Amino acid sequence: MPPPFSWIVAVVKFLYEFIVGDDWTVAAAVFIGLIMSAILNVNHVVAWWLIPVIVVVMLGVSLRRASNRFR
Amino acid sequence: MTGVWAVLITTFLASAVEAIEMVTIVVGVGATRGWRSTLVGAASGFGVLAVVVVVLGAALSRVPIGPLRLIVGALLLTFGLQWFRKGIMRVAARGLAGIGGQDPHEAAEWTGPGMDWTAWFLAFKGVVLEGLEVAFIVVTFGAGANQLGVAVIGGVGAIIIVGGIGFALHQTVRRIPRSLLQLIVGVLLSTFGTFWAIEGLGIDWPGGDAAIPVLLGLYVVTALTYITLERNRALGLRPVA
């Protein structure tokens with residue numbers, strides 16, 4: 001890959017590793033949770049509870065997956 | 001508005017987590033290859049980090065507070081959850097142990113004239129790589145709380161204090177319980193990330209700012225529960241389904 005493109009790919013890879021890390025499902029769940037919260041709010045449904053629930057559940061899922069990987 | 005102390009403590013602790021690794025690398029390189037080139041390399045690394053903080057801070061200060069809190073909250077939450085999870089796993093596995101072990105760089109001592117570029121590069125790389133996360137946290141957290149100056153003071157203060165300990169007592173810095181600090185910062189970033197992201201969507205928290213300590217309490221209980229579960233699983237007290 002020629003230099004300008006390889007640099008862009010390297011920067012994108014770095015940002016992905018930096019923000020998302022080694023478990024993309026947690027980041028995806030947060031992203032979907034924020035969209036769901038916005039939709040609930042637009043429809044006048046109380047929505048502040050959704051992200052904390054996603055955080056607690058996804059932490060457990062991610063920890064279990066990581067533990068099983070090292071077993 | 002998020003209090004000055006919350007910003008100061010969070011950025012101080014986040015910076016301390018990375019400063020431990022950073023100082024260990026710089027002290028290790030300096031002690032084995034000589035101090036002059038190592039300190040110049042470390043200073044060059046801090047120069048790069050200062051540019052990152054100024055450029056990123058200036059860019060974020062132009063974004064209106066509503067969208068800014070959504071973006072910053074989502075980023076801090078996603079990033080904070082990584083530290084939250086790693087902190088739980090490491091505290092469950094190692095308790096309050098420091099990073100321990102041998103110094104990471106045991107290169108031969110430099111005796112030649114002029115600049116030792118190996119020492120310069122090792123120190124520069126150590127400061128930039130370990131410091132980028134700190135710069136990211138300081139700028140986003142400071143911008144989200146509208147207190148970038150306080151966040152920078154917290155970040156720089158931690159590097160000065162950990163650096164001072166590192167230079168005065170080389171091995172002591174390796175005994176600071178980095179895993180526990182990482183877990184505390186992960187919990188704090190996830191708490192404020194959750195609060196700001198939801199606020200950024202225009203959703204009101206019940207009780208306003210009083211929701212922050214409640215969220216913090218929920219995440220602390222979550223951390224303690226998962227640490228207990230991880231320890232039991234590691235000891236084979238609870239079979240995996």
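This is a predicted model: local features need pLDDT of at least 70, side-chain atom pairs count only at pLDDT 80 or more; totals for chains, interfaces and linings use all residues.
1. Overall make-up. Chain B has seven helices and zero strands. Read from the N terminus, its elements follow the order α-α-α-α-α-α-α.

2. Burial and surface. Chain B has 241 residues, and 49% of them count as buried. The accessible surface of the chain is about 10500 Å², with 70% of that area belonging to carbon and sulfur atoms.

3. Contacts along the chain. Among contacts in chain B with a separation of 6 or more, 88% are between residues 24 or more positions apart.

4. Helix α1 of chain B covers residues 4-33, and helix α6 of chain B covers residues 178-200. Their axes come within 9 Å and cross at roughly 140°. The pair is therefore oblique, since an angle has to be over 145 degrees to count as roughly antiparallel. The crossing of α1(B) and α6(B) is left-handed.

5. Residues at the crossing. Which residues of α1(B) meet α6(B)? They are B:Ala6, B:Thr10, B:Leu13, B:Ala14, B:Ala16, B:Val17, B:Glu18, B:Ile20 and B:Glu21. On the α6(B) side, the residues in contact are B:Arg178, B:Leu181, B:Gln182, B:Ile184, B:Val185, B:Leu188, B:Leu189 and B:Phe192.

6. Sorted by type, the residues where α1(B) touches α6(B) comprise 12 nonpolar, two polar and three charged.

How values were computed: Residues are numbered from 1 along each chain as its sequence is written. Chains are lettered from A and ligands numbered from 1 in the order in which they are written. Side-chain values use heavy atoms; hydrogens and water are left out. Axes are lines fitted to C-alpha atoms, for helices over the stretch in contact, and angles run from 0 to 180 degrees between N-to-C directions. Helices (H or I, at least four residues) and strands (E, at least two) are DSSP runs, numbered from the N terminus. Angles under 35 degrees count as roughly parallel, over 145 as roughly antiparallel, 65 to 115 as roughly perpendicular and the rest as oblique. A crossing is left-handed if the near helix is turned anticlockwise from the far one by less than a right angle, and right-handed if clockwise. Contact means heavy atoms within 4.5 Å. Ala, Val, Leu, Ile, Met, Phe, Trp, Tyr, Cys and Pro count as nonpolar, Asp, Glu, Lys and Arg as charged, and the others, Gly among them, as polar. Buried means under 20% relative accessible area, exposed over 50%, partly exposed in between (1.4 Å probe, protein chains only). Accessible areas come from the Shrake-Rupley method with a 1.4 Å probe; for residues, only the protein chains shown count as cover.
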